[in-house]
Number of protein chains: 10
Amino acid sequence: MPDASATVPAVPPYSDLPPISAKLFEAKARKGLTFDQIATAIGKDEVWLAAAFYGQAKFSEDELKKVSETLGIPAQESLSVLGEHWWPHRGIGPMPPTDPVIYRLYESVLVYGHAIKAIIHEKFGDGIMSMIDCKVKIEKKPDPKGDRVLLTFDGKFLPYAKW
Amino acid sequence: MPDASATVPAVPPYSDLPPISAKLFEAKARKGLTFDQIATAIGKDEVWLAAAFYGQAKFSEDELKKVSETLGIPAQESLSVLGEHWWPHRGIGPMPPTDPVIYRLYESVLVYGHAIKAIIHEKFGDGIMSMIDCKVKIEKKPDPKGDRVLLTFDGKFLPYAKW
Amino acid sequence: MPDASATVPAVPPYSDLPPISAKLFEAKARKGLTFDQIATAIGKDEVWLAAAFYGQAKFSEDELKKVSETLGIPAQESLSVLGEHWWPHRGIGPMPPTDPVIYRLYESVLVYGHAIKAIIHEKFGDGIMSMIDCKVKIEKKPDPKGDRVLLTFDGKFLPYAKW
Amino acid sequence: MPDASATVPAVPPYSDLPPISAKLFEAKARKGLTFDQIATAIGKDEVWLAAAFYGQAKFSEDELKKVSETLGIPAQESLSVLGEHWWPHRGIGPMPPTDPVIYRLYESVLVYGHAIKAIIHEKFGDGIMSMIDCKVKIEKKPDPKGDRVLLTFDGKFLPYAKW
Amino acid sequence: MPDASATVPAVPPYSDLPPISAKLFEAKARKGLTFDQIATAIGKDEVWLAAAFYGQAKFSEDELKKVSETLGIPAQESLSVLGEHWWPHRGIGPMPPTDPVIYRLYESVLVYGHAIKAIIHEKFGDGIMSMIDCKVKIEKKPDPKGDRVLLTFDGKFLPYAKW
Amino acid sequence: MPDASATVPAVPPYSDLPPISAKLFEAKARKGLTFDQIATAIGKDEVWLAAAFYGQAKFSEDELKKVSETLGIPAQESLSVLGEHWWPHRGIGPMPPTDPVIYRLYESVLVYGHAIKAIIHEKFGDGIMSMIDCKVKIEKKPDPKGDRVLLTFDGKFLPYAKW
Amino acid sequence: MPDASATVPAVPPYSDLPPISAKLFEAKARKGLTFDQIATAIGKDEVWLAAAFYGQAKFSEDELKKVSETLGIPAQESLSVLGEHWWPHRGIGPMPPTDPVIYRLYESVLVYGHAIKAIIHEKFGDGIMSMIDCKVKIEKKPDPKGDRVLLTFDGKFLPYAKW
Amino acid sequence: MPDASATVPAVPPYSDLPPISAKLFEAKARKGLTFDQIATAIGKDEVWLAAAFYGQAKFSEDELKKVSETLGIPAQESLSVLGEHWWPHRGIGPMPPTDPVIYRLYESVLVYGHAIKAIIHEKFGDGIMSMIDCKVKIEKKPDPKGDRVLLTFDGKFLPYAKW
Amino acid sequence: MPDASATVPAVPPYSDLPPISAKLFEAKARKGLTFDQIATAIGKDEVWLAAAFYGQAKFSEDELKKVSETLGIPAQESLSVLGEHWWPHRGIGPMPPTDPVIYRLYESVLVYGHAIKAIIHEKFGDGIMSMIDCKVKIEKKPDPKGDRVLLTFDGKFLPYAKW
Amino acid sequence: MPDASATVPAVPPYSDLPPISAKLFEAKARKGLTFDQIATAIGKDEVWLAAAFYGQAKFSEDELKKVSETLGIPAQESLSVLGEHWWPHRGIGPMPPTDPVIYRLYESVLVYGHAIKAIIHEKFGDGIMSMIDCKVKIEKKPDPKGDRVLLTFDGKFLPYAKW
């Protein structure tokens, strides 16, 4: 729902991002757009787009222009900060996370980390699931007992080099 | 591949688990069984089974009996430690994780945590994805450019209580 | 007791909250209202309301309007920051807490955490007490030897998924 | 359910307790007794008893004798370690807790700590809720949508000294 | 010695306190008053007063008025921040402390903590020395080999509740 | 009260001390002696003696002989470990302390540290209260509202060198 | 590619550097110059130059003048901050690093640190590879399976002194 | 130089590795072999081999057989621990490292981390240097002013996925 | 070399000091004076003077006047902040230090700390080298193989009190 | 003073060293030798020797033989652990140090670190004092007001490489 006066205060995590990022979030709220709607406009997935909003991915010049246009922000203003010369400095927020949504992801590492490692080794051998060549998706799976979140990581297996 | 002399040394993460756990891992290696093969024997998924091996889930008495039988370990020996009176003390290993496989999962929280939180809120409202009522799956997705790991979390959305 | 000049300085924990939050606290002090009085105005409990003031819960649009009205703050001003597009980033303050009031809660985890876990398992099985579907209450229990604080957590038991 | 061969492995949190503690836990499992049943035998609450099992409270000589008798352990054996000369060294387990049950309690401090502090001050003045003169109770509250855990802290309010 | 131009820079620990606190310190320096002289004016001890200056204790309205008057600060200005609606958020500075004066206190915990605990238990039983109902005094004890600091904690013994 | 079978388990803080220390504690319990009684035997204060038991002070050869004699331990056995060649490695236990008795001391640093520093500077100038040339005393002060612990640090003031 | 409006926001790592550093980065982006092009202008390597931009190396007066000239910044402005009187305060960013590029370097220490130490000792004896008298180079090594980064540390071996 | 009685004590880092690892190190010392000599026997580089000795890489069955043969250890003994069923749990030792040799590597991340990241981005775009598909080499470069260590990381560039 | 436009940016360690400190550093740079030259003007050593510049020592009123005069800063301006009412809050910068110069000092504690302790005990008995009554000197010792830094701590031995 | 039964318990810092190290310390105590006396026997300084005893320096084969002979330990026993194949893993004990003697050294870094860095730069330029090519000495300087410890670091200045 659009709220023409929506603002984003300079508190975490926004205070760790360039001021232009808060402006993107504000414009999104003022227009009442979802991440999915903006993502569609540039032919990307909503999770990737949200990551880019949080300074965790790099827009191409073209993508940033389209995002700016969609949000009604002068493209030059976005490009001057997040353009070609800008590189994401990834990894924001305290660890362990204090927010329960993000903590649950962290808890998955604590509880299922060794099991996931063991199954990856058993199925693929000595190597890792890349978090660089990795796509993250979120789907809503309706369920009469309560809807479910389907969170998927689709990452390339990388075998360890030996030399 | 079975190796009748396989042993599991008392180093992390095994040194943080009851000795019976190392024995389960050893029996698995000596029989040359995969987690999937053992899981099938008790009608469970391989990731859940691996989690149980790492002391992160609780076998029912019946499940533990079947696992013991499959591995050729006297059921009473397993039950005396991991039976009804035993409750998992979940969460093992150092944080941040030092092993690259597990670190990549941790990195997904650092890099994509805020994006995932934002999308969950946008799609579901104020609440979290449960890590208790959550199922974790791993699939191998063949790809000519390198096989991919498909890691899925299927967790119930829990809205925040207001009172 | 109302104090028309009451102010809230930008020090922790207020400095970690949006400026509008300090304004809510200031208006509350200037009107001389208790959390309970404001909570009653919107049909909620005082602890939940206080949590919302500290940015740890999300007002519905309607609730925020009523709170603003009660406090004499233009609703639009509150909504522009804490409205529909705003999501709580939960978890504030240092850990371990340095304030003795909050530290005592932390100490309860250190001293009684394992006992509470053991009793929950014994009474409910393998699972947790939800802190999402949980209501927190505080009552004053008069006692000639010194009044007592009755702090109650009423949380749903969530059994661990097995798959 | 009694399991005459039940054992308690020397892993956390048991490895941080005197060996006699593990023996108490083992005897409890072998007899198939609940904390409540043992607590009744000495006229105490189950949460306090569980805390004492975890080395977080001090049995009187008489209580320890009755507990030993109930469990079939020679009283002298318990008294030689946990008798009059022994004082609890309170506070066990890592912080932040890794086990999800205990973490949820910790999360309550992160999320509701400031709200609880504010309400205590508003209702009682400048002081704290004692965690020394404090009683902790757990009740099971049946609920068709899922049973609920009722966790209550009943602690004396202590006003700050001024001098 | 009064210094009419004395200022207090916004560096730790002052930067962690409300600006009015720095103003109290500045007025004290400009008038050339000791904590003892100000404390006498309100009938309190110098250590308690200094704690209140550092935001670690709560002035009553009357005390704050007298302090303000003594220092030549408009009472309303002090009350607007530190008045009835303000509650100390106790605990300032990094831990372990970096300042040698404060570190020596910390070192007393490291070196004599267990001895103090043991003697308290031996003399009083299972319980603690309250730091809430506790008075702290500092005296100068002249000594030809070098004056000595006499630091006294006079705290109520609180026995552990059993239930 | 003597307990001829008293033992001291190898858990913290005893597991951080030489085995002979546990033996001293055991002998003390078996004889039913207080720290004060043993201290009197060697002409020292009980707090200093307790500190020495916890490995935080160094017995002279003569003192250790008398302590051993008092406790019925062969002096040579004590001397072989804690004799002339042994130097205390001071500072035991985790920080922040998890035990509530010791934590309260730590809390005194958090809450009153800056006030104590300020008063010391005001009364003595730029320097510190020595924790090396410092005597620690504990007295029981009867009080109808509850006995009080009188904890005194009597430390030499050391002015900062300038060169 | 030059972007005449390029800006560098005051977020990490730029917020930890003098404002003149951000100005250097901005001028570089506005002129569309690479580190290599600027480095060539002063006869240095690109990695060393980038380190100097990040405040991790010290320009000579002459080098800073040439860099300023190349970037179109008045030399006096750069010199007033980074001139003769300025000394690098080396070491920026959080550890462990949150950015995946920098984390991979950190991971190399975790995974290969002991192996590197062992080989250095075997080849050179007891000593270290200097990180002070050390040159760091990066080359692009084309590879049909994906280009490779060649990162070289060329550091002097320093044998341990014995005296 | 062979030393037939060489032993490897169970202190860090060896105490974090399986006992068989210490045996490999001992056999190497007793035979007086260098990592390079053993590496040659299995057609690998010395750094990779040393990493495998420190449990940071996985031997193939064939490689482990040859290593065992070279060292005079029964292959079955090595295989039973480090065989097919064993997966490295990578990342050993404390961070920050306390050993000066390893600390200097860590310091390279602190001092040159941002410069290396910047140059990688400039030369390759948005992505990382893989530490999985990475080869590490150490060469001795004679120099009259003191020999130099040439440490090279040859890692594949991985561009960030966009989706 | 004087640089009339020299400035000191508000980055660590200057951002942790009162603004007047930066002004002292700036004036020093603008006049082109060394610490030694300023120290001579007030009859002190250069290391002590530098410590005072970094807020780690307390100027007497007279010393601060002379320093201000030497640097051409109005004495009243310095005195208003660093005068009689100001007390150093000692201990600046992160630990472990990230700057290699300061880290090397820290490393001396890691590597030689136990040896220094052992020798002090052997030569002086049970006690410490005071860091309060301690003078620190730095000399340049020319050496054809590379000049050497002679860093000397001259601290009073303080024997432990026994009581 | 020799004590033929002297032992060294397996507590920190000895528990972090190879058992042979404790044996060296024990033999030293049993023979009643000082570090200086042993150092003289091998032509080294007492501080270096003590460092080697604490596993922080590497004996040559010849030095270790002479030390063993001096202490009456079979040389082969020392050599088998600390011989040619052994490399010190430097850096022992917790940080910040808990022992007051070692903490005072750490405090010197906190308080005088920046001053020392500033003077080194002023006298030598951009570089560090090496802690590898560094000699540490301790002298006893008699003083009627209390003997003084003279602790000297004599380290080579290493200028930063530029490339």
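The model is predicted, so to speak of local features a pLDDT of at least 70 is needed, side-chain atom pairs count only at pLDDT 80 or more, and totals for chains, interfaces and linings use all residues. Residues are numbered from 1 along each chain as its sequence is written, chains are lettered from A and ligands numbered from 1 in the order written, and side-chain values use heavy atoms, with hydrogens and water left out.

Among the buried residues are Trp48(F), Leu49(F) and Phe53(F). They pack against α6 (100–124) of chain E, as well as α1, α2, α4 and β1 of chain F (contact means heavy atoms within 4.5 Å). At the N-terminal end sits a cap from Asp45(F), with a side-chain oxygen 2.8 Å from the backbone nitrogen of Val47(F). After the helix comes Gly55(F), with a positive phi near 75 degrees.

Asp45(F) also meets Lys137(F) in a salt bridge (3.2 Å, N to O), the term covering a side-chain nitrogen of Lys or Arg within 4 Å of a carboxyl oxygen of Asp or Glu. This pair ties strand β1 to the loop between α2 and α3, 92 residues apart. Asp45(F) is buried at 14%, while Lys137(F) is partly exposed at 40%.

Over all chains, the structure holds 150 salt bridges. One of them pairs Asp126(I) with Arg90(F) at 2.9 Å, N to O. Asp126(I) is in a loop of chain I and Arg90(F) in a loop of chain F, so the pair joins two chains. Arg90(F) is buried, with a relative accessible area of 2%.

Asp154(E), in strand β2 of chain E, counts as buried at 12% relative accessibility. Its side chain makes polar contacts with the side chains of Lys141(F), at 2.6 Å, and Arg148(F), at 2.5 Å. A polar contact is a pair of N or O atoms within 3.5 Å; within protein, one must be able to donate a hydrogen and the other to accept it, and residues adjacent in sequence count only if both atoms are side-chain atoms.

Definitions and conventions
Buried < 20%, exposed > 50% of the residue type's maximum accessible area, 1.4 Å probe, protein only. Helix = DSSP H or I, 4+ residues; strand = E, 2+ residues; numbered from the N terminus.
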